[in-house]
Amino acid sequence: MLDVPFWLWTVFAATVVVSLVVDLLAHRSAHVIGFKEAAAWSGLWVGLALVFGAVVFLVLGGTAGTEYTTAWLLEKSLSVDNLFVFALIFAYFKVPREYQHRVLFFGVIGALVFRGLFLAAGVAVVSRFTAVLFVFAAILFYSVYKILKGEEESFDPGRSFAVRLLRKFVPVRDEYAGQRFFVKEAGKRVATPLLAVVAAIEAADLIFAVDSVPAVLAVSDETFIVYTSNAFAILGLRALYFMLSGLLDRFHYLSTGLAVILGFIGVKLILQASHEMISTSIPEIPSTLSLAVIVVVLTVSVIMSLRRPQKSS
């Protein structure tokens, strides 16, 4: 168990809060975010994550620093699937481009809360029942099967549980009203489609957490490591979406690369559980090797996508 000083938790919390406030103030007026602006913000989020990783390395040691970096990069790579779903949701609800950042901003806040709950529960379960790692591995292998067979779970934004639940309690009008989530019509408070879009984004994150949480717990079972790495990856998700918007189809080998990564993490989970439950002679995969595999697979996937463009049908 890592002995994380309280001040480091405080620095992390302050960094997240200040980052969200700065981001909100910088985008308080609705506007279309172009590639250059998105790239600048993406660079800022990546730099912030790496600086925090350096602090983790200096304060908690090389093993913790490597685990943090590996978990952050893993979550960053898995978030690529989220980008495709974001594009699907925005297209389904016909969200004007100038309002998309506001939606993702509140989506990020929800994701930070839900991931915190899921990861805390996951760490607690793993610490008491090591055998659950075999279940997590099975979940990852099933995800690999769906990806390679082209049977990834489809996501219908309009029929997601969160959107249907929202419509049961709050009437949702058909027209947008700027960046507002609620308006008054005939003296009644009704929601705009923008609130339904936020609900759909949150529902999508819950679906992706099924893969993400078991995967990151294979890297570390330390609450501080898994949550901070997830948080910094999530913070940079909006900028990454706007930077890659319109280019997602070009990286067609990324799905295969993610399948390889998830399969590798599944094997890592099995070896880890077997080492603890069956025999200590069974080797475990070190975090440094995990980091190297993720970097190599992602790099190869991107290079192959660019060198072998997908043929238009």
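Trainee: Which helix does the largest share of the nonpolar patch come from?
Mentor: From helix H4, residues 100–128, with 5 residues. Helices here are DSSP runs of H or I with at least four residues, strands are E runs of at least two, and both are numbered from the N terminus.

Trainee: And which residues make the patch?
Mentor: Ile109, Val113, Phe114, Leu117, Phe118 and Leu206, making about 490 Å² of nonpolar surface. Phe114, for one, sits in H4. A patch takes residues with over 30% relative accessible area (Shrake-Rupley, 1.4 Å probe) and no salt bridge, joining nonpolar side chains (Val, Leu, Ile, Met, Phe, Trp, Tyr) within 5 Å or like charges within 9 Å.

Trainee: Before I go on, what kind of model is this?
Mentor: A predicted one: local features need pLDDT of at least 70, side-chain atom pairs need 80 or more, and totals for chains, interfaces and linings use all residues. Residues are numbered from 1 along each chain as its sequence is written, and side-chain values use heavy atoms, with hydrogens and water left out.

Trainee: OK, salt bridges. How many are there?
Mentor: The structure holds 5; the criterion is a Lys or Arg side-chain nitrogen within 4 Å of an Asp or Glu carboxyl oxygen. One of them joins the side chains of Glu75 and Arg115, at 2.9 Å from N to O.

Trainee: What does that pair tie together?
Mentor: Glu75 lies in helix H3 and Arg115 in helix H4, so the pair links parts that are 40 residues apart in sequence.

Trainee: Switching to holes. How many cavities turn up?
Mentor: The search of the whole structure finds 3 of 30 Å³ or more. On a 1 Å grid over the protein atoms alone, a cavity is where a 1.4 Å probe fits but can't get out, a pocket is an open set with protein on both sides within 12 Å along at least five of seven lines, and lining residues have an atom within 4 Å of a point. Volume is the space filled by probe spheres on the points, which are joined across faces, edges and corners.

Trainee: What's the volume of the largest cavity?
Mentor: About 140 Å³. It has 16 lining residues, and the closest to its centre are Phe86, Ala111, Asp205, Ile234 and Leu237.

Trainee: Which elements supply at least two residues of that lining?
Mentor: H3, H4, helix H7 (193–219), helix H8 (223–235) and H9. H4 has the largest share of the largest cavity's lining, 5 residues.

Trainee: How much space lies in the second largest cavity?
Mentor: About 60 Å³. Its lining is Asp23, His27, Ile33, Ala38, Trp41, Trp45, His101, Arg238, Ala239 and Phe242.

Trainee: Last one, the strands. Do E1 and E2 run parallel or antiparallel?
Mentor: Antiparallel, with 4 bridges joining E1 (residues 182–185) to E2 (residues 188–191); two strands count as paired if DSSP finds at least two bridges between them. Lys184 stands opposite Arg189 in E2, and Glu185 has Lys188 in E2 as its bridge partner.

Trainee: How many residues are between E1 and E2?
Mentor: The hairpin has 2 residues between its strands, and Ala186 in the turn has a positive phi of about 55°.
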